[in-house]
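I opened this model to look up its confidence, its fold and a handful of residues. My entries follow in the order I made them.

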Amino acid sequence: MLPQAPLMMHNALTRVDEECYQMATNKIQTGLRLNETIYEKVKVISTREQRSMNNFIEFVIQRYIEDYECKNGEIEIPLED
């Protein structure tokens with residue numbers, strides 16, 4: 001019988017400069033539908049900006065929200081009951 005390799009577990013922690021940091025876990029996964037041209041352009045820009053497509057899209061949306069709130073006031077998110 002051959003010895004089994006130890007199981008590798010992923011625990012959402014990353015080591016930086018000998019300290020452990022927990023990765024962000026408060027993000028909601030969504031499905032996003034884009035037309036092909038927009039998808040390809042986002043892909044090119046995110047590569048040029050050295051970002052993942054997901055990170056780039058989140059960055060662009062965050063910038064839009066900041067601009068919107070500057071013009072229209074802070075968006076209040078209703079509390080769930």
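**Confidence**

I began with the start of the chain: pLDDT (the predictor's confidence in each residue, from 0 to 100) stays under 50 over residues 1–12, and for these the model has three contacts beyond four places in sequence. Contact here means heavy atoms within 4.5 Å. This is a predicted model, in which local features need pLDDT of at least 70 and side-chain atom pairs count only at pLDDT 80 or more, while totals for chains, interfaces and linings use all residues. Residues are numbered from 1 along each chain as its sequence is written, and side-chain values use heavy atoms, with hydrogens and water left out.

I then looked up the chain as a whole: its mean pLDDT is 81, and 68% of its residues reach 70 or more. By element, confidence is lowest in strand β1 (residues 13–16), with a mean of 51, and highest in α1, at 98.

**Elements and surface**

I listed two helices and two strands in the chain. Helices (H or I, at least four residues) and strands (E, at least two) are DSSP runs, numbered from the N terminus. Read from the N terminus, the order is β-β-α-α.

For the surface I noted an accessible area of about 8800 Å² for the chain, with 53% of it belonging to carbon and sulfur atoms. The areas come from the Shrake-Rupley method with a 1.4 Å probe; for residues, only the protein chains shown count as cover. Of the 81 residues in the chain, 4% are buried. Buried means under 20% relative accessible area, exposed over 50%, and partly exposed in between (1.4 Å probe, protein chains only).

**The helix pair**

At what angle do the axes of α1 and α2 cross? I found roughly 100 degrees, with the axes of α1 (residues 36–48) and α2 (residues 53–72) coming within 9 Å. The two helices are therefore roughly perpendicular. Angles under 35 degrees count as roughly parallel, over 145 as roughly antiparallel, 65 to 115 as roughly perpendicular and the rest as oblique. Axes are lines fitted to C-alpha atoms, for helices over the stretch in contact, and angles run from 0 to 180 degrees between N-to-C directions.

On the α1 side I noted Y39, V42, K43, I45 and S46 in the contact; on the α2 side, M53, F56 and I57. I sorted these residues into six nonpolar, one polar and one charged. Ala, Val, Leu, Ile, Met, Phe, Trp, Tyr, Cys and Pro count as nonpolar, Asp, Glu, Lys and Arg as charged, and the others, Gly among them, as polar.

**Single residues**

Leaving out residues up to four places away in sequence, I found S46 touching R51, S52, M53 and F56.

Y39, also looked up in helix α1, counts as partly exposed at 34% relative accessibility. With residues up to four places away in sequence not counted, Y39 touches L34 and M53.

Q50 lies in the loop between α1 and α2. Q50 is exposed, with a relative accessible area of 75%. I noted a positive phi of about 55 degrees for Q50, although it is not a glycine. Most residues other than glycine have a negative phi.
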